[in-house]
Amino acid sequence: MNVDAVVLDVDGVLVDVADSYRRAIIESLDRVLGETIDRTSVQQFKDAGGFNNDWELTDAAALFLLARKEGCDLSLDQFTTDIEAMGGGLGAARSIVSEELTPATRERVFSRWDSEQLQDVFQQLYLGSSLYRDLEGKEPTLETPGYIHDEPVLATEETLDRLQAEYNVGVLTGRPAAEADIALERAGLDIPSAHRFTMDDWEGGKPDPDALLTLAERFEADELLFAGDTLDDVKTALNAQRADSRTYYGVGVLTGGLSGESGRSAFEQVGATTVVESVNDLPSLLGG
């Protein structure tokens, strides 16, 4: 890989979000619905695709739990498999619930499904009371320290210095811009706004390739590597390759929800160029 540019995901690549975003998914469901899913189940939604936005993943999990209460007998395995078969994402989850329930039970599920409340609780748990006031501009109803402070940095200073010295470096993340700023500052990575895309910067979300295509144009790159911790990250690079004459490499990173040999196999099955144990393997992979 003779790349001109390296684009990095944030969650699961630069910082570990197992005890922040993923914990917020689990605990938001518990606080709002009185029941929840486990971390393995969170990964099943991620693997189904279309859940780069953790608010939407929380919504889909809530629909599943509410539908089960109304008699839907789909297992989580089948529910997420069906989501994947329908192209992934919250829209697919909604369609499946609608198809599986009677009109009366469907109405009860959707009347109890409060996306705004789930997102609000999620943000309070994730940001904590102080940041919630600052970023959301509202008074919290929960007094919480914020899981955002429980995100260990995965990328070493040496890795980031070497990558920035030898390549154009960009960031492509599903985080809101303000939360991306916090993570990048914690990692010690200063990326100009023109070289990063967040949830606030493009509508499609991964695996839509538009943001990656735009970064390739801005870098004037002939070959670009995108490293991420989910199957949708790799699919983003694959979709960019199909849409453009440039060369795109999708690299799976095993420090997120996918890990070990099963994670490696999952990345390889969707077409990852290669798989690395962590972002810190990139310089040696690229010969830097």
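Rings of Phe, Tyr and Trp (its six-membered ring) pair if their centres lie within 6.5 Å; planes under 30 degrees apart count as stacked, over 60 as edge-to-face and the rest as tilted. By that rule the structure holds seven aromatic pairs. This is a predicted model, in which local features need pLDDT of at least 70, side-chain atom pairs count only at pLDDT 80 or more, and totals for chains, interfaces and linings use all residues. Residues are numbered from 1 along each chain as its sequence is written, and side-chain values use heavy atoms, with hydrogens and water left out.

**Aromatic pairs**

- Phe-45 and Phe-51 pair edge-to-face, with 5.7 Å centre to centre and 85° between the planes.
- Phe-45 and Phe-51 are both buried (under 20% relative accessible area with a 1.4 Å probe, protein chains only; exposed is over 50%, partly exposed in between).
- Why is the pair of Phe-64 and Phe-79 tilted? The ring centres of Phe-64 and Phe-79 are 5.1 Å apart and the planes stand at 40°, so the pair is tilted.
- This pair links distant parts of the chain: Phe-64 sits in helix H3 and Phe-79 in helix H4 (residues 76-85), 15 residues apart.
- Helices (H or I, at least four residues) and strands (E, at least two) are DSSP runs, numbered from the N terminus.
- Phe-64 has a relative accessible area of 8%, so Phe-64 is buried.
- Phe-79 has 2% relative accessibility, so Phe-79 counts as buried too.
- Phe-45, Phe-51, Phe-64 and Phe-79 form one aromatic cluster.

**Cavities**

- Rolling a probe the size of a water molecule over the atoms shows where empty space is left.
- On a 1 Å grid over the protein atoms alone, a cavity is a set of points where a 1.4 Å probe fits but cannot get out; a pocket is an open set with protein on both sides within 12 Å along at least five of seven lines; lining residues have an atom within 4 Å of a point.
- Grid points are joined across faces, edges and corners, and a volume is the space filled by probe spheres set on the points.
- The structure holds two cavities of 30 Å³ or more.
- The largest cavity has a volume of about 250 Å³.
- That cavity is lined by 21 residues, and Asp-11, Lys-46, Asn-52, Asn-53 and Asp-54 are the closest to its centre.
- Helix H1 (21-33), helix H3 (54-69) and helix H11 (231-243) are the elements that give two or more residues to this lining.
- By class, the lining of the largest cavity has seven nonpolar, four polar and 10 charged residues (Ala, Val, Leu, Ile, Met, Phe, Trp, Tyr, Cys and Pro are nonpolar, Asp, Glu, Lys and Arg charged, and the others, Gly among them, polar).
- Domain 1 (5-16 + 152-285) and domain 2 (18-148) each supply at least three residues of the lining of the largest cavity; the bounds come from an automatic or database domain assignment.
- The second largest cavity holds about 30 Å³ of space.
- Its lining is Val-32, Leu-33, Ala-62, Leu-66, Arg-112, Trp-113, Asp-114 and Leu-118.
- H1 and H3 each give at least two residues to the lining of the second largest cavity.
- That lining has six nonpolar, no polar and two charged residues.

**Largest pocket**

- About 330 Å³ of space lies in the largest pocket.
- Of the 21 residues that line the largest pocket, Gly-50, Asn-52, Gly-204, Gly-205 and Lys-206 lie nearest its centre.
- The lining divides into four nonpolar, 11 polar and six charged residues.
- Domain 1 and domain 2 each give at least three residues to the lining of the largest pocket.

**Buried residues and their contacts**

- Val-15 lies in the loop between E1 and H1.
- Val-15 has 0% relative accessibility, so Val-15 counts as buried.
- Not counting residues up to four places away in sequence, Val-15 touches (heavy atoms within 4.5 Å) Val-10, Glu-151, Pro-152, Val-153, Leu-154, Arg-175 and Ala-183.
- Ser-28 is in helix H1, and its 0% relative accessibility makes Ser-28 count as buried.
- Beyond four places in sequence, Ser-28 is in contact with Thr-58, Leu-118, Val-121, Phe-122 and Leu-125.
- Helix H10 (residues 210-219) has Ala-211, Leu-212, Leu-213, Leu-215, Ala-216 and Phe-219 as its buried residues.
- Glu-220 follows H10 and has a positive phi, near 50°.
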